[in-house]
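Visitor: I have a structure open and want to learn how to read it. Could we go feature by feature?

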Amino acid sequence: MKKLALALLLILIASLVLGHYRWQEDYRCELCFAQKSVSEWRLGAQPLGYPIFGGDKPLTFRSIRLTKPVEHVSPSVATRLFPVEHRHEWIFAQASTYYLFGEKPAGRVLGTSRQMGPFAYAFLNNPEFRAYAEELIRSNRLSQTQAVSMFVFDPGREGRLDPRYMRGMQMVRDFLATHPNRTFEESFKSGFGGA
Ligand SMILES: [Zn+2]
């Protein structure tokens with residue numbers, strides 16, 4: 001009897017150790033690229049994410065929530081381009097599982113992908129370009145509305161012949177002519193072709 005109790009206790013401990021995981025859902029704002037993650041601890045029936053009940057079960061298969069979801073929002077550096085009444089449009093980007101006290105990644109589900117236009121890419125990745133674009137806005141050489149329309153443009157959906165894409169390309173070219181930056185130029189070219 002004692003042996004049985006001990007065996008059950010060991011099984012219980014093993015299931016808790018191997019079956020608990022952190023579940024994290026990532027979202028991004030379709031417009032300003034702010035990011036939001038929602039994370040909770042769960043206990044499931046797939047030890048370390050290993051699908052013992054078959055390979056194509058969802059990651060949350062036979063699992064229960066252990067803690068309340070915690071939400072964390074990382075604002076976008078582009079927030080100031082947007083009017084104050086901007087409301088985020090959250091799009092599911094991916095969900096991931098982390099086993100062993102949140103240390104071991106064990107599978108993810110991907111959501112909708114979203115391409116950036118050249119203006120958004122440069123604005124988010126290069127602080128000098130950000131300052132450059134903001135100076136154009138301050139001096140009325142670029143309206144805020146135009147900046148936002150270039151920023152939210154999705155070439156994956158609407159193509160690269162759109163004026164919002166071409167204008168963004170031209171702006172980055174003009175910027176690079178006066179602000180050479182090898183590292184940025186290379187990463188830009190690999191996403192957008194010759195600048
Ligand atoms: Zn937003």
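Guide: Start with one residue. Val-109 is partly exposed, because 13 other C-beta atoms lie within 10 Å. A buried label needs 20 or more, and an exposed one 12 or fewer. Keep in mind that this is a predicted model.

Visitor: Where does Val-109 sit, and which residues does Val-109 touch?

Guide: Val-109 belongs to strand β6, residues 104-110. Setting aside residues up to four places away in sequence, Val-109 touches Leu-59, Gln-94 and Ala-95. Asp-26 is 83 residues from Val-109 in sequence, yet their C-alpha atoms are 10 Å apart in space.

Visitor: What about Leu-110: buried or exposed?

Guide: Leu-110 is exposed, because its C-beta neighbours inside 10 Å number 10. Leu-110 is also in strand β6. Now compare sequence and space again. Leu-110 and Phe-129 are 19 residues apart along the chain, and their C-alpha atoms are separated by 30 Å.

Visitor: Show me a residue with a higher count.

Guide: Take Ser-76. Ser-76 is buried, because 22 other C-beta atoms lie within 10 Å. Ser-76 is found in the loop between β4 (70-74) and β5.

Visitor: Which residues are in contact with Ser-76?

Guide: Leave aside neighbours within four places in sequence. Ser-76 is then in contact with Cys-29, Cys-32, Phe-33 and Ala-34. Phe-33 is 43 residues from Ser-76 along the chain, with 5.9 Å between their C-alpha atoms.

Visitor: Where are Leu-48 and Phe-101 found?

Guide: Both are in loops. Leu-48 is in the loop between β2 (35-43) and β3 (64-65). Phe-101 lies in the loop between β5 (90-99) and β6. Now their surroundings. Leu-48 is partly exposed, because 13 C-beta neighbours fall inside 10 Å. Phe-101 is exposed, because the count within 10 Å is 11 other C-beta atoms.

Visitor: Let us zoom out. How many helices and strands does the protein have?

Guide: The protein has seven helices and six strands. Then read their order along the sequence: α-β-β-β-β-β-β-α-α-α-α-α-α.

Visitor: How is the protein split into domains?

Guide: The domain assignment gives domain 1 as 2-110 and domain 2 as 118-192. Their C-alpha centres lie 34 Å apart. Six residues of domain 1 are in contact with nine residues of domain 2. On the domain 1 side of this contact, six residues are nonpolar, and there are no polar and no charged ones.

Visitor: How do I judge the overall shape?

Guide: Compare the radius of gyration with a reference. A compact globule of 195 residues would have a value near 16 Å, but the protein has 23 Å. Then check the box along the principal axes. The C-alpha atoms fill roughly 85 × 35 × 30 Å.

Visitor: What share of the residues is buried?

Guide: Buried residues make up 23% of the 195 residues.

Visitor: Now helix packing. What is the general idea?

Guide: Think about which way side chains point. An α-helix has 3.6 residues a turn, so residues three or four places apart point the same way. Now the case here. Helix α2 (residues 118-125) packs against helix α6 (residues 163-178), with an angle of about 40 degrees and axes 7 Å apart. That angle makes α2 oblique to α6.

Visitor: Which residues meet between α2 and α6?

Guide: From α2 come Pro-118, Phe-119 and Ala-122, which meet Tyr-165, Gly-168, Met-169, Met-171 and Val-172 in α6. By class, this contact has seven nonpolar residues, one polar and no charged.

Visitor: Which residues of helix α4 are buried, and what covers them?

Guide: Helix α4 spans residues 144-152, and its Ala-147, Met-150, Phe-151 and Val-152 are buried. Their cover includes α2, α3 (127-138) and α6.

Terms used. Residues are numbered from 1 along each chain as its sequence is written. This is a predicted model: local features need pLDDT of at least 70, side-chain atom pairs count only at pLDDT 80 or more; totals for chains, interfaces and linings use all residues. Helices (H or I, at least four residues) and strands (E, at least two) are DSSP runs, numbered from the N terminus. Two residues are in contact if their C-beta atoms, placed from the backbone, lie within 7 Å. Domain bounds come from an automatic or database domain assignment. Ala, Val, Leu, Ile, Met, Phe, Trp, Tyr, Cys and Pro count as nonpolar, Asp, Glu, Lys and Arg as charged, and the others, Gly among them, as polar. Axes are lines fitted to C-alpha atoms, for helices over the stretch in contact, and angles run from 0 to 180 degrees between N-to-C directions. Angles under 35 degrees count as roughly parallel, over 145 as roughly antiparallel, 65 to 115 as roughly perpendicular and the rest as oblique. The radius of gyration is taken over C-alpha atoms; the globule rule is 2.2 Å times the number of residues to the power 0.38.
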